[in-house]
Amino acid sequence: MAAEIVNPRSDSENRDASERDGGAEPLESFDPAFALHRGGKMAVQATVPVRDKDDLSLAYTPGVAKVCSAIAEQPELVHDYTWKSSVVAVVTDGTAVLGLGDIGPEASLPVMEGKAILFKQFGGVDAVPLALNCTDVDEIVETVVRLSPSFGGVNLEDISAPRCFEIERRLQERLDIPVFHDDQHGTAVVTLAALRNAARLSGRPLGELRAVISGAGAAGVAIAKMLVEAGIGDVAVADRKGVVSRDREDLTPIKAELASFTNKAGISGTLESALAGADVFIGVSGGTVSEPAVASMAEGAFVFAMANPNPEVHPEVAHKYAAVVATGRSDFPNQINNVLAFPGIFAGALQVRASRITEGMKLAAAEALASVVGDDLAADYVIPSPFDERVAPAVTAAVAAAARAEGVARR
């Protein structure tokens with residue numbers, strides 16, 4: 001699949017095209033985003049030549065019939081003689097797109113195309129955007145199950161919580177290919193990698209750190225689970241009503257489960273009160289945190305304010321009190337960017353034909369990502385750039401090895 005972006009038309013041709021389309025978009029000559037997106041950002045490209053009748057007879061009929069018959073007799077051959085083992089479905093219903101919210105499947109498609117070209121650019125993995133015109137959990141699950149024979153993996157994207165949890169769980173139960181909700185697990189992997197390096201920089205083990213997470217949605221829940229799995233000292237998660245704790249009677253089933261393995265200290269009250277003395281703040285909520293609350297954190301704290309485009313704590317404020325500051329933005333150091341994780345995770349899983357992506361594979365991805373920084377570790381460099389060519393190979397190799405170790409690899 002080609003990810004090359006080409007817009008060969010002149011400004012006048014773009015203007016004429018915009019006028020023919022009814023003027024429904026800004027003139028491309030004034031907005032490079034529209035110019036880049038015209039016609040989409042990706043295309044299908046053949047990997048074999050079809051130059052003459054001999055090529056045609058091999059690529060299609062009659063030669064293709066031999067391959068089809070062989071796969072019918074030995075279904076596992078589909079991995080060797082089709083693209084199945086190297087292609088991922090990027091699936092959304094358009095209900096939680098970036099910071100735009102529920103904008104629908106058509107409006108989500110530019111994001112899904114972008115995700116697909118990132119798969120190709122950074123992991124060498126082909127991906128197909130699938131924006132579904134349904135939001136019912138049963139319908140989404142059934143649709144993906146029926147489409148699954150064409151794909152080696154499923155990347156769930158921009159599906160609102162709490163539905164995303166059930167959709168992922170049910171698809172994992174029904175399919176024998178990796179199913180991965182990137183908004184949850186990709187964010188968690190990169191966050192853990194950055195936190196490991198921040199802790200290494202400060203000379204403190206994870207087991208001595210207390211973290212507070214702002215946001216109990218898809219990313220917040222997944223980060224909390226991964227930090228606990230990695231051995232964090234304690235982590236508390238706050239939603240709009242305050243810290244998620246066992247004594248709250250308004251918790252959803254997901255948040256009740258969250259309360260069962262977090263907040264060992266039994267903290268209650270507001271997010272800002274929980275930050276007093278905390279070693280780590282992780283923001284995935286889009287809210288704001290006051291400067292006095294940040295000032296109340298422990299000396300040498302870490303602030304990962306990852307909301308886009310407006311971090312929960314502006315870096316200028318965070319740097320007054322924190323030893324390490326990270327955001328979700330590319331114009332500040334230490335960007336927590338999912339593209340550091342999902343291409344390599346899927347590449348590793350597909351490489352060994354893994355039946356699923358385990359917690360061990362995700363932890364291995366985080367450790368591998370953190371190791372790329374190596375001896376260059378600094379307060380403004382706890383996580384590598386997405387353009388560091390060492391990232392995807394390191395994550396791919398670690399995930400493949402973990403899959404074999406955990407018994408989910410099939411080659």
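**Close-up views of a predicted model**

The structure holds three cavities of 30 Å³ or more. This is a predicted model, in which local features need pLDDT of at least 70, side-chain atom pairs count only at pLDDT 80 or more, and totals for chains, interfaces and linings use all residues. Residues are numbered from 1 along each chain as its sequence is written, and side-chain values use heavy atoms, with hydrogens and water left out.

View A. A cavity is a set of points, on a 1 Å grid over the protein atoms alone, where a 1.4 Å probe fits but cannot get out; lining residues have an atom within 4 Å of a point. The largest cavity holds about 50 Å³ of space, where a volume is the space filled by probe spheres set on the points, and grid points are joined across faces, edges and corners. Its lining consists of His79, Ser85, Gly152, Ile177, Pro178, Leu350, Arg353, Ala354 and Arg410. By class, these lining residues are four nonpolar, three polar and two charged. Ala, Val, Leu, Ile, Met, Phe, Trp, Tyr, Cys and Pro count as nonpolar, Asp, Glu, Lys and Arg as charged, and the others, Gly among them, as polar.

**View B. The second largest pocket.** A pocket is an open set of grid points with protein on both sides within 12 Å along at least five of seven lines. The second largest pocket has a volume of about 470 Å³. Of the 22 residues that line this pocket, Glu168, Arg169, Gln172, His185 and Lys225 lie nearest its centre. At least two lining residues each come from helix H8 (163–174), E4, H9, H10, helix H11 (253–261) and H16; helices (H or I, at least four residues) and strands (E, at least two) are DSSP runs, numbered from the N terminus. H8 supplies the largest share of the lining, five residues. The lining of the second largest pocket has ten nonpolar, four polar and eight charged residues.

View C. The 15 residues of H16 (residues 359–373) should span 21 Å at 1.5 Å a residue, and the end C-alpha atoms are 22 Å apart, which agrees. The expected span is 1.5 Å times one less than the number of residues in the helix. Twelve of the 15 residues of H16 are buried, so the helix is largely enclosed by the rest of the structure. Buried means under 20% relative accessible area, exposed over 50%, and partly exposed in between (1.4 Å probe, protein chains only). Among the buried residues are Gly360, Met361, Lys362, Leu369 and Val373. The buried residues of H16 pack against strand E4 (179–181), helix H9 (182–202), helix H10 (218–230), helix H15 (342–351) and helix H17 (391–405). Gly374 follows H16 and has a positive phi, near 55°.

**View D. Asp388 in the loop between H16 and H17.** Asp388 lies in this loop and is buried, with a relative accessible area of 18%. Leaving aside neighbours within four places in sequence, Asp388 is in contact (heavy atoms within 4.5 Å) with Val372 and Tyr381.

View E. Five of the five residues of strand E5 (residues 210–214) are buried, so E5 is largely enclosed by the rest of the structure. Arg210, Val212 and Ser214 cover one side of E5, and Ala211 and Ile213 the other. Two strands pair if DSSP finds at least two bridges between them. E5 runs parallel to strand E6 (residues 234–239), joined by five bridges, and Ser214 has Ala238 of E6 as its bridge partner. E5 also runs parallel to E8, with four bridges; the partner of Ala211 in E8 is Val280. In strand E8 (residues 280–283), Val280 and Ile282 on one side and Phe281 and Gly283 on the other are all buried. E8 pairs in the parallel sense with strand E9 (residues 301–305) over four bridges, where Ile282 is partnered by Phe304 of E9.

View F. Asp182 lies in H9 and counts as buried at 0% relative accessibility. Beyond neighbours within four places in sequence, Asp182 is in contact with Lys115, Asn155, Leu156, Glu157, Thr187, Asn338 and Phe342. Ala199 is also placed in H9 and is buried, with a relative accessible area of 3%. With neighbours within four places again left aside, Ala199 is in contact with Arg204, Leu206, Leu209 and Phe302. Ala199 and Asp250 are 51 residues apart in sequence and 34 Å apart in space, C-alpha to C-alpha.
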